[in-house]
Amino acid sequence: MSIRLFILVIMAVIPVTSSAAAFPKSCLQAKQFQLTNGDRNGYFLLYDDLQRPFTTYCDFKSDPGFVWTLIESLSLTNSQSSKYRKSFNHNVPSPQCTPNWLEYRLSVSRMKSIKNTPGSTHYRATCNFNIESEVGGIDHRDYMRVSFCDDSHFFSGTRKDYCTRIEYINVRGHICRQCNIPIWDGGSRSHKVLNLQTASTTCDKWIVPDRTASEHVFGHYSTTINSKFSCCNSSTSTTNWWIGGYY
């Protein structure tokens, strides 16, 4: 047997392991690499573009067909602080190595690493994600999901409202699908946020009947707080932001 043929036979017999499988960059990739322990929600070790490890939370259960990677979770108190009233292009990572649901935010480089990983097609915002529940306890009330194809401004920080096609939004049971709704990209002074008053007069003019004056949902909460919105029930209620995609 020639040396060349011998090498080809060995290559055919020995399985080739992709080095990428050892360094998942997103929860979706961890699932694709079969590293998810039966797809149970929980804390996972991911890697950024420089293969530096970090811990975040993976949600495999709450949205059938989707896998989500947590990029930020802030209590109402922390959402109102000037430190975190910043769009996602501002680098204000939280000090914790492991997610503290009251104060957790990844660095911009790690968010972009997740977003740029193949399969990361959407972002979403949730309220009070329940890690004690096997499925996260999400009933899609006070929930928003957007495709990155319909929002190219996630990391822009331009301090401007953009009419954005939202795949699904639910605020206190008021639902809209595939609606154009203005999302404010807040730059250095405001978190990415949706103002219900502005939404009622621009784009598709989506109206939430029980809104309060200048009510913000899914972040910032700088003016009137509506405790009926579950992210604002109490000072420890949390707003959670995720990047994910279909599997």
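The model is predicted: local features need pLDDT of at least 70, side-chain atom pairs count only at pLDDT 80 or more, and totals for chains, interfaces and linings use all residues. Residues are numbered from 1 along each chain as its sequence is written, and side-chain values use heavy atoms, with hydrogens and water left out.

**Aromatic pairs**

- Rings of Phe, Tyr and Trp (its six-membered ring) pair if their centres lie within 6.5 Å; planes under 30 degrees apart are stacked, over 60 edge-to-face, and the rest tilted.
- The count by this rule is 20 aromatic pairs.
- Phe23 and Tyr47 are edge-to-face, because their ring centres are 4.9 Å apart and their planes stand at 85 degrees.
- Phe23 is in the loop between helix 1 (3-13) and helix 2 (27-32), and Tyr47 is in strand 1 (residues 42-47), so the pair ties together parts 24 residues apart in sequence.
- Helices (H or I, at least four residues) and strands (E, at least two) are DSSP runs, numbered from the N terminus.
- Phe23 is partly exposed at 28% relative accessibility, while Tyr47 is buried at 15%.
- Buried means under 20% relative accessible area, exposed over 50%, and partly exposed in between (1.4 Å probe, protein chains only).
- Phe44 and Phe60 also make an edge-to-face pair, with centres 5.5 Å apart and planes at 80 degrees.
- That pair links Phe44 in strand 1 to Phe60 in the loop between strand 2 (53-59) and strand 3 (66-75), 16 residues apart.
- Phe44 is buried at 13%, and Phe60 is buried at 6%.
- One aromatic cluster is formed by Phe88, Tyr123, Phe148, Phe154, Phe155 and Trp241.

**Charges over rings**

- A charge sits over a ring if NZ of Lys or CZ of Arg is within 6 Å of the ring centre and within 35 degrees of the ring normal.
- Lys31 places its charged end over the ring of Tyr247, 4.5 Å from the centre.
- Arg124 lies over the face of Trp242, 4.4 Å from the ring centre.

**Ser81**

- Ser81 is in the loop between helix 3 (76-79) and strand 4 (103-105), and is partly exposed at 23%.
- Its C-alpha atom is separated by 9.6 Å from that of Tyr221, 140 residues apart along the chain.

**Largest pocket**

- A pocket is an open set of points on a 1 Å grid over the protein atoms alone, where a 1.4 Å probe fits, with protein on both sides within 12 Å along at least five of seven lines; lining residues have an atom within 4 Å of a point.
- The largest pocket has 13 lining residues, with Phe54, Gln96, Cys97, Leu106 and Arg110 nearest its centre.
- Strand 2 gives the largest share of the lining, three residues.
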